[in-house]
Amino acid sequence: MRIILVTGTGGAGRSTVAVATALAEAHAGRRVLLVPGDTDPGPAPDDAAPGTLTVLRTDPAGDFRREFLALQARSGTVLDLLGAAPFEDAELTELPGSRQFALLRALREAAAGDHDLAVVDLPPLREALTVLALPEQLRRYLRRLLPPERQAARALRPMLAQLAGVPMPAQWLYETTARWERELAAVQAVVEAPGTTVRLVLEPGPAATAALREARLGLALHGLALDAVIANRLLPAASDDPWLAALTAEQHRRLADLRADAGELLNELPHLGREPRGPEDLALLAAARPGPPPAPAPAPAPTVEDRREEDGVLVWHLPLPGAVKQDLSLVRRGDELLLGAGPFRRTLPLPPALRRCTVTGAGLVDGDLAIRFAPDPGLWPKPS
């Protein structure tokens, strides 16, 4: 199954492009699932292509209430011991972060369906990449808080329960953790699947090129493939109005910068001069039809190079395809390395050969990150 994740800069029209793309594919006879964002534009797409287009709307508030009440029910014994009053369904309101988890659940449901294509309207770029990285990060947090080896202590639960005279909370804690791990792993598998690609929507302007470069580095850090860059709301090239002509000239200068960076990935969509009013307008805003997914950008698969000829320096190579040279922060945390670029972060475990080494520098050139380490003197014998 093909999944297209549509994101972009705020106000660039990503929701319109997502709906237009889904509608065009449905009219072409494909079975399409659309997961609209919070502010999907124009006509309700549910009725625009009956039989071939299905709309899956997220319900953050409902998902939060169901999850919270289920957790409350599983921990009822402990809450009774503490004298806590349980919450009722009607008094629960959506908390910050509920929308992101509802979106992840929708991704998993989309992949489980029998559609040919799913189009998912994601939040703006930075939030979108944060959401896509969330399953891997949360799984890492769960492993740190409740390591698998610690779960061996569950064998003591029956004896401890008899001694205390009450059921022990470890059972539901570990069961809940295991369920979260399974669900997060399923979503992460969808995000990292070869058929999942990202479509970036930009309005040519002063920040468009910087946003594209930021997106390519953030996607490369997480092994996500970019299948198209949409330059949206392009003004007509010829106008007798001096003010509009000057505005168009400036936009097209920015468009030339996007062409230089995006190459064949760039698609151009016109400005309609109004908000889309119906399926006819949306048909004008459908980007290029998605062909076979591009070769997936492999998630960083580090290799260690022994370079003794340079005073015993070890170099850790991380392929970051599509990334351009930018500042990349590196933070060592025990046996892990935290890579960062602006708002994007990824944590990678260090290979055993580097766990006793010190980071001395790094560089990102032509899509290859080379991190230099000074090894512990005890690792290699000095030449006699």
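Q: At roughly what angle do the axes of helix 5 and helix 8 cross, and within what distance do they come?
A: This is a predicted model. Angles under 35 degrees count as roughly parallel. Here the axes of helix 5 (residues 125–145) and helix 8 (residues 208–221) cross at roughly 5° and come within 11 Å. That makes the two helices roughly parallel.

Q: Which residues make the contact between helix 5 and helix 8?
A: An α-helix has 3.6 residues a turn, so residues three or four places apart point the same way. Helix 5 contributes L125, R126 and L129. Helix 8 contributes A211, E214, A215, G218 and L219. By class, this contact has five nonpolar, two charged and one polar residues.

Q: How does the span of helix 1 compare with the expected 20 Å?
A: Helix 1 covers residues 14–27 and reaches 20 Å from its first C-alpha to its last, close to the value expected at 1.5 Å a residue. Just after helix 1, G29 takes a positive phi of about 100°.

Q: How many helices and strands does the protein have, and what share of its residues is buried?
A: There are 10 helices and 14 strands. Of the 384 residues, 42% count as buried. The accessible surface comes to about 19,500 Å², with 57% belonging to carbon and sulfur atoms.

How values were computed. Residues are numbered from 1 along each chain as its sequence is written. This is a predicted model: local features need pLDDT of at least 70, side-chain atom pairs count only at pLDDT 80 or more; totals for chains, interfaces and linings use all residues. Side-chain values use heavy atoms; hydrogens and water are left out. Helices (H or I, at least four residues) and strands (E, at least two) are DSSP runs, numbered from the N terminus. Buried means under 20% relative accessible area, exposed over 50%, partly exposed in between (1.4 Å probe, protein chains only). Accessible areas come from the Shrake-Rupley method with a 1.4 Å probe; for residues, only the protein chains shown count as cover. The expected span of a helix is 1.5 Å times one less than its number of residues. Axes are lines fitted to C-alpha atoms, for helices over the stretch in contact, and angles run from 0 to 180 degrees between N-to-C directions. Angles under 35 degrees count as roughly parallel, over 145 as roughly antiparallel, 65 to 115 as roughly perpendicular and the rest as oblique. Contact means heavy atoms within 4.5 Å. Ala, Val, Leu, Ile, Met, Phe, Trp, Tyr, Cys and Pro count as nonpolar, Asp, Glu, Lys and Arg as charged, and the others, Gly among them, as polar.
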